[in-house]
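Here are my notes on the model, point by point. Please read them with the structure open.

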Amino acid sequence: MARPDARWSARALEAAVWIAPAIVAGMFLWLLGDLLARGVAAFLPREADAFDFGAAIELGRNIVAFLTSAPERAGRGGGIAPILVSTGLILAVCIAAALPFGLGTALFLSEFVPLRSRFGTLVRRSLDVLAGVPSIVFGLFGNALFCRLLGLRFSILSGGLTLACMVLPLLIRTAEESFRAVPISQRHAAAAAGFSQWSTVFRIVLPQAAPGLVAGLILGIGRALAETAALIFTSGYVDRMPGSLLDSGRALSIHIYDLSMNVPGGNAHAYASALVLIVLLVLINAAARWSTMRLLHGQERRA
Amino acid sequence: MIDLDRRDRTGRSADEANAAAALSVTGLTVRYGESIALRDVTLDFPARSITAVIGPSGCGKTTLLSCLNRLTDLIPSCRVEGQVRLGDTAIHDSRTDVVALRRRVGMIFQRPTPFPFSIRRNLELPLREHGGLDKTEIAARIEQTLREIGLWDEVRDRLDRPAPTLSGGQQQRLCLARALALRPEVILLDEPCGALDPISAGVVEDLILNLRERYTIVIVTHNLGQAKRLADRVALLWSDGRGGTLIEHGSTAQVFDAPRDELTAAYVSGRLG
């Protein structure tokens, strides 16, 4: 009599193993479908009875207009051009600040201090704690340090630097892992072939770690692009076209937040903006994959 | 019983003092943290000949080898005492330019360690690092070295393919070419055939024999047959658990056929180790 029981529990277990990922995939597809349907709906021509060729042209025109015009009536109308520019600038500041610090720290941790050294461990522990700090806390910290103490006020610069602080832990840990993944035998071989330590790092270790570095950078950019809380107190809400890095600028995620929470009748454009954000994330991911492949093959082909 | 504690044997003989010693090791003691890997080793490596360092695992063979190009620098806890000289250069003097030294002393490891780039780039990188050669000279040096190593005809059409796509034996020969491209004086081989199949191992052994006339070669090997086939001189290291010491050192024929030490006799006959 034990047999049917065993069979049942095995079946139940198997079902559970299938159901869990199905739910995960289902949630993602639901979210994506909902976003696509409502986002695209915002661009559909109002008067069209059927979706014919003319309507398709109109749809394309609406999308272009949305991407290239300024918001009107607090975002209910118009487009998101200044918001895209602000988002791009905030990201650029974030990468420009995070990349040198991130790579430098990762190189230091993997190449210049032993794995179990006290200082290295301290740095790693701090990074792990930082990685778990809620982004709103980074926002408050950024507000206190960059906006007030350094006098940058609500600006794209403050926002980008705050985001840099936030993605640094992620960037450093992934970069360190990719450096460490290069076998020690490669470093010995390079040393034995007369490479100085710096040449070993730049000519042997860095190229081999490049795919991992790009992956880490993409993760960081994804996180920065999706960040809202850390930007509320640092780069601000202003939805005008920024004139310089010291101007306040509204990031895409903040725009979505504001439209959906504070602006009655802003839902349609909130969905449209969210769709743009998702498409951007997908594009960045694709670009990263492509550049990783190029990097890998480039090493082999470069003469 | 065999007396394992022989620290007073220097292994230096009269005929050797006359031969030009390219590398000479005097009173070398190496520690990793608290533990001693090598204890008071004194040994000469004559120029243009092959010296095999033999002995059981953990007797300090590889440690001895990495003292000869200061690869010991890369191991944080490693401390080296004693003298190692390459011609007039005191290898472990802190004022010695270690990068320049390693260009004079090439090294091959047990597992082939090609860089995961193209075959051409594997040879090009160290040459560029070395400086002083222009593009055409580098290309010429690459071809010349690959011909020397007998790899040219096998790879001439695929110099831009990734080096890891080569077979194990070819990879090891590429590594040898990478070292030879810098025109070193000394070549250190750490069980160069240890990870190769017998046929590839045979090819590499033939190569090493061909290099003997031009280079000072030190080869670490587990394989007594290989030591016998290749080496002009043989040195036996032995560790009693308190650090490897030099047990015996002499011509290959003497060490294998008329060992002076009981331990050597036991090891070369396969009774011990």
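1. From the N terminus on, the elements of chain A follow the order α-α-β-β-α-α-α-α-α-α-α-α-α. That gives 11 helices and two strands. Helices (H or I, at least four residues) and strands (E, at least two) are DSSP runs, numbered from the N terminus.

2. This is a predicted model: local features need pLDDT of at least 70, side-chain atom pairs count only at pLDDT 80 or more, and totals for chains, interfaces and linings use all residues. Residues are numbered from 1 along each chain as its sequence is written, while chains are lettered from A and ligands numbered from 1 in the order in which they are written.

3. Along the principal axes, the C-alpha atoms of chain A fill a box of roughly 75 × 75 × 45 Å. Of the 303 residues in chain A, 34% are buried (20 or more other C-beta atoms within 10 Å of the residue's own; exposed means 12 or fewer, partly exposed in between; C-beta atoms are placed from the backbone).

4. Take contacts in chain A with a separation of 6 or more: 72% join residues 24 or more positions apart. Two residues are in contact if their C-beta atoms, placed from the backbone, lie within 7 Å.

5. A:Leu280 sits in helix α11 (residues 267–301) of chain A. A:Leu280 counts as partly exposed because it has 19 C-beta neighbours inside 10 Å. Its C-alpha atom is 44 Å from that of A:Ala193, 87 residues apart along the chain.

6. The contact between the chains takes 20 residues from chain A and 28 residues from chain B. On the side of chain B that touches chain A, α4(B) gives the most, with six residues.
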